[in-house]
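Student: I have a new model open on my screen and would like to learn how to read it. Could you walk me through it?

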Amino acid sequence: MTAGAKAAGLTLAGFLARAALSAARDLERTASAVADEREVIAEFFAARRHLGYIGNNLNQIARAVNAGAHPGELDVVIAATDRAIQRVQHATDQLLHQDQDSSAP
C-alpha cells in the first residue's frame with residue numbers, strides 16, 4: 001500500500017481515504033462488498049494508529065536501554081506489538097479473501 005500511495009503522490013492516509021471513496025462510488029458493487037471493504041480499511045487505519053503508538057513506546061524503551069536501564073514496560077510493548085501484527089495480518093487476510101471472492105467466475 002505504501003508503494004501505491006507514493007506512486008499516486010499521496011500520504012498513506014490520503015491514499016486509503018481515496019481508495020475508500022472510490023470503492024463507495026462503484027455502483028456495480030453490492031452494499032455488502034462496500035461495507036466489507038470499509039471495515040477492512042477501518043481496521044488498517046486502526047492498526048496503523050496502534051503501530052504509531054507502539055513505535056513511540058519502542059523509541060522510549062530503546063532510549064532507556066541505551067542508558068543502561070531495563071524498563072518494565074518492555075514486555076507490555078512486545079505484547080502490544082504482537083497484537084498489532086495480528087490485527088494487520090487479519091485485515092490483510094480479509095482483503096485478500098475479498099479479492100479472491102470478487103475474481104471468482
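Student: Which element has the lowest mean pLDDT, and which the highest?

Tutor: Helix 1 (residues 2–8) has the lowest mean, 72, while helix 3 has the highest, 80. For the protein chain, the average pLDDT is 77, and 78% of the residues score at least 70. Where pLDDT is low, the predicted coordinates should not be read in detail.

Student: Now the fold. How many helices and strands does the protein chain have?

Tutor: There are four helices and zero strands. Read from the N terminus, the order is α-α-α-α.

Student: And which contacts tell me about pairing across the sequence?

Tutor: Look at the separation along the chain. Of the contacts between residues at least 6 apart in sequence, 53% join residues at least 24 apart.

Student: What share of the protein chain is buried?

Tutor: Buried means under 20% relative accessible area. Such residues account for 18% of the 105 in the protein chain. The accessible surface is about 7400 Å², with 57% of that belonging to carbon and sulfur atoms.

Student: Which residues make up the largest nonpolar core?

Tutor: That core has five residues: Ile54, Ile61, Val77, Ala80 and Ala84.

Student: What does Val77 touch, beyond residues up to four places away in sequence?

Tutor: Val77 touches Ile54, Asn57, Leu58 and Ile61. Ile54 and Ile61 are also members of the core.

Student: Let me try a single residue. Is Ile41 buried or exposed?

Tutor: Compare its relative accessible area with the cut-off. Ile41 has 11%, so Ile41 counts as buried. This residue lies in helix 3 and, setting aside neighbours within four places in sequence, is in contact with Leu16 and Ala20. Its C-alpha atom is 9.8 Å from that of Thr92, 51 residues apart along the chain.

Student: Why does Arg48 count as partly exposed?

Tutor: Partly exposed covers values between the buried cut-off of under 20% and the exposed cut-off of over 50%. Arg48 has a relative accessibility of 42%, so Arg48 falls in that class. Arg48 also lies in helix 3; with neighbours within four places left aside, its contacts are Leu12 and Ala13.

Student: What separates the C-alpha atoms of Arg48 and Val88?

Tutor: They are 8.4 Å from each other, although the two residues are 40 apart along the chain.

Conventions
Residues numbered from 1 in each chain as written. Predicted model: local features only at pLDDT ≥ 70, side-chain atom pairs only at ≥ 80, totals over all residues. Heavy atoms only, no water. Core = buried A, V, L, I, M, F, W, Y, C linked by side-chain atoms within 4.5 Å. Buried < 20%, exposed > 50% of the residue type's maximum accessible area, 1.4 Å probe, protein only. Contact = heavy atoms within 4.5 Å. Helix = DSSP H or I, 4+ residues; strand = E, 2+ residues; numbered from the N terminus. Areas by Shrake-Rupley, 256 points an atom, 1.4 Å probe, with all protein chains shown as cover. pLDDT = per-residue confidence, 0-100.
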